[in-house]
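Please look over the structure shown here before reading on.

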Amino acid sequence: MKQSKLLIQTLRETPKDADVVSQQLMMRSGMILKLAAGIYDYLPLAYRSIRKFEAIVREELERDGCQELLMPTVQPAELWQESGRWAFYGKELLRFKDRKGGDFCLGPTHEEVITDIVRRSVRSYKQLPMNLFQIQGKFRDEIRPRFGLMRGREFIMKDAYSFHTDDADADREYWVMFNAYKRIFSRLGVKFRPVEADSGAIGGSFTHEFHVLAGSGEDAILSCDACEYASNIEKTEAPVEAAPSSGQKELLKEHFYTPGILGQVEQAAAMKDADHNGMSLTQTSVFFLYRATLADESTKLVGAVLRGDHDVNPVKVKNVIGAMELELMPLDEAEVFTGAKSGFMGPVGLKNVTMVVDRSLEGMSGLTCGANRTDYHHFGLDPARDLPGCLFADIRMAKEGDACTRCGKGHYQAFRGIEVGQVFKLGLKYSKSMGCTFLDAEGKEWPMVMGCYGIGITRTVAAVIEQNYDADGIIWPWPVAPYQVHLLNLDPGNAEVNTMANQLEKELEREGFEVLHDDREGLSPGAKFKDADLLGFPLRLMVGAKGLKEGVVELRDRRTKEVMKLKPEALVAEVSAARDRMMLALEAAGGR
């Protein structure tokens with residue numbers, strides 16, 4: 001491909017609205033153009049990388065017997081109403097009416113559509129199991145799209161769905177897909193972690209996320225340094241860290257006048273009398289008041305109580321009570337409900353509130369808590385005694401350095417990750433509500449057990465860049481580089497150089513290598529070098545008059561910056577050897 005004919009415009013300056021490295025470099029290298037907030041044009045270079053990653057995904061899924069299809073982007077409301085998600089998915093679901101007044105949405109995901117296909121096409125257990133996938137554009141109306149292709153509103157996704165006769169077979173396919181995902185991301189050469197995660201709005205009984213590790217990642221990951229356990233921080237199990245009780249056995253409801261004492265550190269220092277000279281922070285408590293929305297659309301108030309040195313994990317609270325949504329009660333409403341200003345609210349005496357207490361407080365007594373009276377705190381809280389009917393559960397945020405709850409030997413290490421894929425065991429969530437059933441050998445009807453498996457295609461391409469760049473630009477791994485060799489004609493006005501450059505381009509392409517030939521006139525070699533570094537293809541081939549006088553061309557490795565002077569007839573063999581070295585290095589670098 002001649003660069004003079006390529007649809008590309010490189011930029012020297014970073015666009016002001018580009019937030020992260022991948023977005024900056026993709027915009028500067030002419031890979032994407034912003035059309036609207038969170039919506040981008042994929043120009044030829046970007047689309048070549050996207051198609052290459054799609055090919056890897058297809059190869060690995062078809063290897064495991066998955067079948068590809070394509071479903072509509074526009075989906076009728078009736079299907080979402082059957083599953084119960086029309087009201088609960090949230091504002092990310094872009095709803096609209098057609099000219100006849102019918103309700104539709106732009107598909108953010110396709111559980112409802114695929115379930116409808118299978119319930120109309122599959123009747124017998126003999127047709128199962130079945131795993132169907134598509135690669136398609138999705139739309140989610142993000143409230144704050146950002147980070148280029150990593151948090152856009154429109155994006156390309158691979159979503160697969162499996163259907164089974166029982167849980168055992170669904171579990172088997174779950175791990176088949178889990179291992180397929182490990183192969184897919186290993187082939188990219190990126191460092192990644194499969195982590196346990198919360199199933200969120202899609203639902204399901206258990207799930208793993210796949211994260212490409214990068215400092216710009218939105219997700220916090222904790223991984224044990226002694227075993228394979230890793231999970232999203234929203235899901236990570238926190239160890240029990242009980243603290244010794246203060247010795248106070250009676251709840252002193254109005255014992256401490258604490259004007260202006262709001263934080264737990266100050267609270268602990270203020271809790272003293274003739275018998276107490278201050279307290280440990282572990283003997284204080286912290287209280288949060290939430291409003292939960294349940295599956296039947298009813299709401300209830302939920303209180304969360306933790307040790308003063310622990311942070312609440314709202315996802316865990318939501319899961320403990322089985323809520324669809326959970327939000328903090330607005331401060332003004334909470335102050336009216338409790339009768340106290342912020343900092344003095346507490347769990348004791350509140351009516352019609354479901355109390356969830358972190359398990360680190362089970363068996364503890366002598367804690368401080370807000371008195372629901374401005375400027376006052378209680379002392380002597382015993383959750384089991386003073387909060388009748390409370391639930392004890394793990395509701396705190398685990399943190400780096402915590403002991404691993406799985407192996408009991410290691411400790412958690414913290415990473416940042418970009419979520420690029422997720423595998424779910426959905427169970428009967430959609431098949432029951434939508435009547436997706438099969439007949440067994442005796443003719444009895446049963447709901448199918450489902451699995452769901454997604455990969456963000458465009459997000460993964462951006463995540464690859466987040467891991468592979470330097471001050472000069474992108475450093476593409478071989479498998480998804482838009483082109484593999486960037487041939488720079490340094491003297492396009494020289495007939496001998498033009499002849500040699502064109503000859504080498506044809507020889508490389510004949511051997512299966514993808515070449516972008518920079519044949520542009522009127523640019524200095526330095527300008528071409530800068531563009532080549534920005535675009536970041538694995539190998540740069542330089543053909544110039546000075547080199548040809550010496551009978552050589554130069555081959556440069558983008559990652560190592562190593563330059564080799566070669567005779568033209570030796571070029572193809574060296575490019576092949578360089579490719580093999582790069583692929584071996586990627587294989588060694590992939591995964592953990």
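**A walk through the model**

Asn372 is placed in the loop between strand S18 (367-370) and S19; helices (H or I, at least four residues) and strands (E, at least two) are DSSP runs, numbered from the N terminus. The model is a predicted one, in which local features need pLDDT of at least 70 and side-chain atom pairs count only at pLDDT 80 or more, while totals for chains, interfaces and linings use all residues. Residues are numbered from 1 along each chain as its sequence is written, and side-chain values use heavy atoms, with hydrogens and water left out.

Although Asn372 is not a glycine, its phi is positive, at about 55 degrees. Asn372 counts as buried because its relative accessibility is 14%; buried means under 20% relative accessible area, exposed over 50%, and partly exposed in between (1.4 Å probe, protein chains only). Glu297 is another residue other than glycine with a positive phi, here near 75 degrees. The loop that holds Glu297 runs between strand S14 (285-293) and strand S15 (299-307). With a relative accessibility of 57%, Glu297 counts as exposed.

The backbone also has a cis peptide bond, which joins Leu128 and Pro129 with omega at about 5 degrees. Pro129 is found in the loop between helix H4 (111-121) and strand S7 (130-139).

Next come the aromatic rings. Rings of Phe, Tyr and Trp (its six-membered ring) pair if their centres lie within 6.5 Å; planes under 30 degrees apart count as stacked, over 60 as edge-to-face and the rest as tilted. By this rule there are 16 aromatic pairs. One of them is the edge-to-face pair of Trp80 and Tyr89, with 5.4 Å centre to centre and 85 degrees between the planes. Both Trp80 and Tyr89 are buried. Tyr257 and Tyr376 form a tilted pair, at 5.2 Å centre to centre and 50 degrees between the planes. This pair links distant parts of the chain, since Tyr257 is in strand S13 (residues 252-257) and Tyr376 is in strand S19 (residues 376-381), 119 residues apart.

The charged end of Arg193 sits over the ring of Phe415, 4.8 Å from its centre. Lys429 lies over the face of Tyr430, at 5.4 Å from the ring centre.

Glu54 belongs to helix H2 (residues 44-63). Glu54 is buried, because its relative accessible area is 6%. What does Glu54 contact, leaving aside its neighbours within four places in sequence? Glu54 is in contact (heavy atoms within 4.5 Å) with Ile135, Ile156 and Ile457. Val265 is 211 residues from Glu54 along the chain, and the C-alpha atoms of the two are separated by 53 Å.

Last come the domains, whose bounds come from an automatic or database domain assignment. That assignment gives domain 1 (47-237 + 413-466), domain 2 (252-393) and domain 3 (483-589). The centres of domain 2 and domain 3, taken over C-alpha atoms, are separated by 66 Å.

Definitions and conventions
Lys NZ or Arg CZ within 6 Å of the ring centre and 35° of its normal.
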